[in-house]
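Hi,

Here's the structure I said I'd pass on. Have a look at it first, and then read my notes below.

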Amino acid sequence: MAAYLSRLHHISLHVSNVDKAAHELVSRFQFNVFAARLTDRAKQLALRRGSAVFLVNERPSEAPRRLKEPQGLSCLYAAHAHYPVDTVSNVCFEVEDVQRASAALRERGLCEFLQPPAEVSDDSGRVTFSIIRSPVGNVCHTLIDRSRYQGPFLPGFHQVRTDSETAGRSQCPITHFDHITYACPRSSTALIARWYRDCFGFRRFFIDRNEDVDEGYVLNHNGIGLRLTAMEYWKCSESGITLPFKDEQEPDCKFVIAESLPQQGRNQVDTFLDQHRGAGIQHIGLYTEDIVRTARTLSLSGVQFFSPPPAYYTEVGKQDEIVAAGHDPHALSRYGILLDTDLHTDTDSQRYLLQVFTKPIFGEDTFFLELIERRGATGFGEGNIRALWRSVQAYMENAERHETERENKQSTPS
Ligand SMILES: O=C(O)C(=O)Cc1ccc(O)cc1
Ligand SMILES: [Fe+2]
């Protein structure tokens, strides 16, 4: 490993309209704007819910005219990226020493730097940061050391006072980013997993106990063609001590690489790659302490969720499983929430996982969010992956059918 990551700091969105994207996150997803940076050339808003922080950046509608413009100045902490569609393209990590981490990455020739280590300061202190490109499409990583900074977010940003950070917490108990899922081209998983291992010491997280080390978790029948490979990073300090996971410590965020397999026809990963014009962040799992309540609150605010086929809730055994987990099948079916039970043979205890996907957030069928509540289960349940996949697939196929019909109508002379 070349660089030690202390924690995930924030995730950056690059969008054509910051106000629209921020409004969506505030009015629908109950995030609070807490810091802003508005200049002639940049518009950046930081939003928070629990420890989940999004930085929304206005992307330039065309490539910057002055090619020699210093990187990171117009769009601080996020490379001034010109990208054709709205996208989530930077996962920022805190490190203890940016110079040392960057030098180690550079020395090993592991990555391209979009921004070499730089320092930014204001009245509340200073930070150092650098930006590197990942092997996943347009995804970059900002490495930042904010240990000498006391302000609310980062230098250059002013605080925005909202009602209260805790307002609405009981109705929407989202606490942190649970996982980030990448949509990647075929046969790219091994290279990506190796890069994260060599750069940051990410370790493999096995989704299934029978999962093959090289193959990953493969679903390749009944219309599902998906290869999933999950990774997690270990909280390390530069002294080399790996901190064991403790309750009071923030849980870390897993990374999932999703690759489509050709045998089952076109699918949602292919759709993402087409509409996003390349690999990237397909979805982010937001952890909630109460998924039913959160889904109800978000739904009342206008968030739309994917639902599995209605038969899901009446399948033999599913109702009993839901009731045994202490949930009401009607409440789950109302918002399309899925439940997976994992019987733990060692302890004979049952562990649950509840998940639901939102519909795409931007104009294209690309990025979406997920709500996830874990009751003891730490992975991704097979039953849920299948049902989530199907719930998205039905929607995508419908959208593509409408698009073809529209095109056919337009090309048919009347
Ligand atoms: O189960 C999850 O939350 C995943 O993240 C797995 C997954 C990845 C990609 C898909 O298109 C559907 C499901
Ligand atoms: Fe997910």
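**What I found**

The UniProt annotation "binding site", from an unreviewed entry, covers H179, H283 and E370. (UniProt positions are given in the numbering used here, feature names are shortened, and annotations may be inferred rather than shown by experiment.) These three span 192 residues in sequence, yet no two of their C-alpha atoms are more than 9.4 Å apart, so they gather at one spot.

Before going on, some housekeeping. This is a predicted model, where local features need pLDDT of at least 70 and side-chain atom pairs count only at pLDDT 80 or more, while totals for chains, interfaces and linings use all residues. Residues are numbered from 1 along each chain as its sequence is written, and chains are lettered from A and ligands numbered from 1 in the order in which they are written.

**The annotated residues**

H179 is found in strand β10, and E370 has its place in strand β18. (Helices, H or I with at least four residues, and strands, E with at least two, are DSSP runs numbered from the N terminus.) Are they buried or exposed? H179 is buried, with 21 other C-beta atoms within 10 Å, whereas E370 counts as partly exposed, with 19 C-beta neighbours inside 10 Å. The cut-offs: buried takes 20 or more other C-beta atoms within 10 Å of the residue's own, exposed 12 or fewer, and partly exposed is in between, with C-beta atoms placed from the backbone.

What do they touch? Leaving out residues up to four places away in sequence, H179 touches C253, K254, F255, V256 and G285. On the same terms, E370 touches H283, I284, G285, L286, Q355, V356 and F357. (Contact is when two C-beta atoms, placed from the backbone, lie within 7 Å.)

**Around β18**

Strand β15 (residues 280–288) runs parallel to strand β18 (residues 368–375), joined by five bridges; here G285 stands opposite E370. Strand β17 (residues 349–357) pairs with β18 in the antiparallel sense, also over five bridges, and V356 stands opposite L371. (Strands pair if DSSP finds at least two bridges between them.)

**Around β14**

This strand is worth a look. Seven of the seven residues of β14 are buried, so it is largely enclosed by the rest of the structure. In a regular strand the side chains alternate between the two faces of the sheet. Both faces of β14 are covered: K254, V256, A258 and S260 are buried on one side, and F255, I257 and E259 on the other.

Which strands pair with β14? Strand β13 (residues 224–232) runs antiparallel to β14, joined by six bridges, and T229 has I257 as its bridge partner.

**Ligand 1**

Now for the ligand: 15 residues surround ligand 1, and the closest are T181, A258, Q268, F380 and I385. (A residue counts as near if its C-beta atom, placed from the backbone, lies within 6 Å of the molecule.) The elements giving two or more residues to this shell are β14 (254–260), α4 (268–275) and α8 (382–411). α8 gives the most, with five residues.

**The whole chain**

Zooming out, the chain has eight helices and 18 strands. Buried residues make up 43% of its 414 residues.

Cheers
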